[in-house]
Each structure stands twice: as structure tokens, then as C-alpha cells.
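Dear colleague,

Please find below the sequence and the structure that I am handing over to you. My findings follow directly after it.

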Amino acid sequence: MNITATRIGTQARTWVLIAALSALIVVVGGQFLGSNGYLFAAAIAVIFNAVLYWFSAPMALRASKAQPAGDNEYPQLHEIVRDLAARAKVPVPKLYIIPSDQPNAFATGRNPSHSAVAVTQGLLRYLPTDEVRGVLAHEFAHIKNRDILVSSIAAGLGAIIT
């Protein structure tokens, strides 16, 4: 399968996921609220999906207590991100630091033009530079293939269902 087919498949799965979870909200809302509840639940699903589409990245970053990574504070990390963005042929994402000792990173956003990468302090502290580059390259694969919207929306819908 080529990269174009993979991207189209990912986008199709994203919209199927959104539609399926929206339908679940409508059905459950209709069951609890009666016959008029279906319309109300449908409105809630549309509003919720719009909020998730536009604000899932800021919500994920806020939930992880991520702070913007200053150019002066993390120059080598910014250099790695710029290099990987050029290699992946995507816009340079915003870079954030998470105050956690656990070595981890994630990418979020609705598309490559509106993406962000968050890296924990533990990742920078415990891994050598080439391994940090490898972890970030993995996150750039998510950005390039537009997986970030799927995971952002799925996490948000999972939260509302819970």
C-alpha cells in the first residue's frame, strides 16, 4: 500500500470513528431523554465534535501540564524538530516540555499545519540525543500521516463517554 492510500485510509477511519461515536451519543441520549432527546443528543454530538476538532490539542497539552519550549532554553531540541520537519516535509510543529520524569513524547493537533509535539523532561534527561531524535521521528510519522487527529478525537470522545 502506498503512502497516499494510507493517508486516505487514515482520514476515512477518522471520519468513520467520529460518525460512529456521534451516533452512539445520539442513541444513548435518545434512550435517556425520550423521543425529543435524539435531536438534543445530535446537537450535543455536533457541538462536542466541533470543540474536539478545534481544541483537542490545547486540551491534551493542558492536561499533561505542557509548557512551550523556549528557543533559548532548548536549542538542540528545536534544531532536531526543525530538521525532522524538513525531512518529513511538514510545517515545524510547536514544541512543548512536560514536567515529568517519565521518558515520553506525543504529537497532537488537527493536521500538520496545526500540530504540536510534547516531550517530557525525563526523555531529555535519560535518553541520548540520537534516541530522542528517534522518538521524535516516530511522532513526526504520526503528524505526516495525520494520525494525530484520530487519537485526539478518540481521547476526547472516550472522556465524554466515561
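The largest pocket has a volume of about 220 Å³. A pocket here is an open set of points on a 1 Å grid over the protein atoms alone, where a 1.4 Å probe fits and protein lies on both sides within 12 Å along at least five of seven lines; lining residues have an atom within 4 Å of a point. The volume is the space filled by probe spheres set on the points, which are joined across faces, edges and corners. There are 19 lining residues, and the closest to the centre of the pocket are A57, K94, H114, S115 and A116. Helix α2 contributes the most, with seven residues.

Please note that this is a predicted model, in which local features need pLDDT of at least 70 and side-chain atom pairs count only at pLDDT 80 or more, while totals for chains, interfaces and linings use all residues. Residues are numbered from 1 along each chain as its sequence is written, and side-chain values use heavy atoms, with hydrogens and water left out.

As to the chain in general, six helices and four strands are present, and their order along the sequence is α-α-β-α-β-β-β-α-α-α. Helices (H or I, at least four residues) and strands (E, at least two) are DSSP runs, numbered from the N terminus. The C-alpha atoms fill a box of roughly 60 × 35 × 20 Å along the principal axes. The chain has 162 residues, of which 38% count as buried. Buried means under 20% relative accessible area, exposed over 50%, and partly exposed in between, with a 1.4 Å probe and protein chains only.

Among the contacts with a separation of 6 or more, 56% come from residues 24 or more positions apart. Contact means heavy atoms within 4.5 Å.

Leaving out residues up to four places away in sequence, G37 touches G29 and G30. G37 and R125 are 88 residues apart in sequence, and their C-alpha atoms are 52 Å apart in space.

The loop between α2 and β1 (67-68) holds S64, which is buried at 19% relative accessibility. Beyond its neighbours within four places in sequence, S64 is in contact with I98, P99 and F106. K65 is in the loop between α2 and β1 too, but K65 counts as exposed, at 58% relative accessibility.

One further point concerns the backbone. Most residues other than glycine have a negative phi. K65, however, has a positive phi of about 60 degrees. K89 likewise has a positive phi, near 60 degrees; K89 lies in the loop between α3 (75-88) and β2 and is exposed, at 72% relative accessibility.

Yours sincerely
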